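User: Please walk me through this model, and tell me what each label rests on.

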Amino acid sequence: GNVTDINADVVVIGGGIAGLWLFNTLNKQGYKALLLEDETLGGGQTIKSQGIVHGGTKYTLSGNLTKAADCIAGMPQRWRDALAGEGDVDLSDAKVLSEYHYLWSPGDIASRMTSFFASKALRGRVNQVKERESLPAIFRNDSFRGTVYKLNEIVLDIQTVVKSLVRGLESRTLKVDWTPDSGDSRLVTDNGEIAFIEHTQGNVTYRIHARKFVLTAGEGARTLMGRWGISEPEMQLRPLHMVMVKHTHPDPLYAHCLGIKTVPRMTVTSHPTEDGQWVWYLGGEIAEDGVERTPEEQIRVARRELADILPWVNFDNAQWSTLRVNRAEPKQSRLLRPDAAFCQSMGNGIVTWPTKLALAPNLADEVGNLLGADSIQPSGNEEFALPANLKHPQVCEQFWSKHFD
Ligand code: FAD
């Protein structure tokens, strides 16, 4: 058959938030950048995240406001600039679900102590909402007795973020299938380096060359690294068992509920559905502690927890479901984990995990620094596109799409 060479400056492998933000940024800078995805864009951890652009306030709960936390503290502004169409990427078409995320203590004694601690530790970074009329609507109920803090953290509709990041760049994305023997794509290595990626379509074999290959494959990094023949940096997975509840209560909730531990007892985000209901997405302690539970047990715990912390919200006619998902991160001890994106150069590749959706801009900065350090400059991309017959990956569906009618 025919062999055609495709020469890129940078190939990004994995189209979650890390790969998408990086790909979009590199394109803006004039790099010939390609994005390879083997499923759907955003369909991994990214769409299953709660979409909160953390500024690090959650971490100050444990008293660990370290230097690294300064990095994450700058992230909400980077995203706000992007949403205003004035950032390094253009998210002006993306949808904001809530301008603020909240932190609330339901009012029993134990959690009131945590909230007292929180109010001191967080002074100047969060504000207590004192007037009833300034509270999110859901808390303006006579039986509510808690304390509410407003955080400078936006909550985003992630599917619209994914769409914005790929818009106009589809011709530089490639859907790949790495299945050994039957798939269309293969990593070809040479002496521990990635020589090129071989992609076959019809009777043409394309050889995709790049000066740098960046792995932003989330959990998929392990298999890719195996094919590449490297075992470092090591990855770890942290499993979560999230709960979804679709219901007709009119008010959304975007908040961490404080318990007695330093992890939020429950983190709730609300996602509008096409039939005018909300899907509440429940994470935090319940998702971490619920990994061993069956879905039925996990739903029972969620019902009990919600009845305890929001007794006036009626879930009688609600539909329930759960979703299992792993967080993929570099393997390192919990205490050392910096709240900054992780990037490590490996030969002509870079292995990265953002560790937080919010840190995608930081990851793009770090990769940019590593490219600069290797003198890899943009070579100009005005005419750059993949051959028209190649397939492009689709944007993912919403995380609840297969769970409810
Ligand atoms: P992913 O989104 O997993 O993307 C990896 C992509 O690579 C996928 O699309 C996958 O299909 C593709 N891929 C894999 N292997 C290959 C391959 N061999 N070839 C090509 N493509 C490949 N962070 C926050 O900041 N705020 C939050 O509110 C938040 N909530 C979270 C809630 C949950 C339940 C979870 C699990 C995480 C949450 N996070 C949050 C963390 C955040 O979701 C992740 O840090 C972030 O989405 C990781 O992005 P990523 O691009 O590295 O990975």
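Analyst: Contact means that heavy atoms lie within 4.5 Å. The model is predicted: local features need pLDDT of at least 70, side-chain atom pairs count only at pLDDT 80 or more, and totals for chains, interfaces and linings use all residues. Residues are numbered from 1 along each chain as its sequence is written, and side-chain values use heavy atoms, with hydrogens and water left out.

User: Which residues does Thr216 touch, not counting those up to four places away in sequence?

Analyst: Thr216 touches Val12, Ile13, Gly14, Ala18, Gly19, Thr352 and Leu363. Thr216 is in the loop between β13 (212–215) and α8. Helices (H or I, at least four residues) and strands (E, at least two) are DSSP runs, numbered from the N terminus.

User: Why is Thr216 called buried?

Analyst: Buried means under 20% relative accessible area, exposed over 50%, and partly exposed in between (1.4 Å probe, protein chains only). Thr216 has a relative accessible area of 6%, so it is called buried.

User: What lies 2.8 Å from a polar atom of the side chain of Thr216?

Analyst: That is the backbone oxygen of Gly14. A polar contact is a pair of N or O atoms within 3.5 Å; within protein, one must be able to donate a hydrogen and the other to accept it, and residues adjacent in sequence count only if both atoms are side-chain atoms.

User: On to the ligand. Which residues come nearest to the ligand?

Analyst: Glu37, Thr46, Ile52, Trp178 and Ala358 come nearest, out of 35 residues around the ligand.

User: What makes up the shell around the ligand by class?

Analyst: The shell has 14 nonpolar, 15 polar and six charged residues. Here Ala, Val, Leu, Ile, Met, Phe, Trp, Tyr, Cys and Pro count as nonpolar, Asp, Glu, Lys and Arg as charged, and the others, Gly among them, as polar. The helix α2 gives the most to the shell, with three residues. Elements that each supply at least two include α1 (17–28), β3 (33–37) and β14 (235–247).

User: How is the protein chain divided?

Analyst: There is domain 1 (1–96 + 155–234 + 331–405) and domain 2 (101–151 + 239–327), with bounds from an automatic or database domain assignment. Their centres, taken over C-alpha atoms, are 31 Å apart. Each of the two domains gives at least three residues to the shell around the ligand.

User: What makes helix α7 mostly covered?

Analyst: Eight of the nine residues of α7 (158–166) are buried. The cover over those residues includes α1, α2, α5 (75–83), β8 (155–156) and β9 (173–175). One of the buried residues is Ser164, and its relative accessible area is 7%, so it passes the buried cut-off. Among the residues that Ser164 touches, beyond four places in sequence, are Asn24, Asp90 and Leu91.

User: Why does Asn191 count as exposed?

Analyst: Asn191 has 79% relative accessibility, so it counts as exposed. Asn191 is in the loop between β10 (185–190) and β11 (193–201), and its phi is positive, near 60 degrees, though it is not a glycine.

User: Why is Ser375 called partly exposed?

Analyst: Ser375 has a relative accessible area of 49%, so it falls in the in-between class. Ser375 is in the segment after α11 (360–373), and it also has a positive phi, about 55 degrees, without being a glycine.

Definitions and conventions:
A residue is near a molecule or strand if one of its heavy atoms lies within 4 Å of it.
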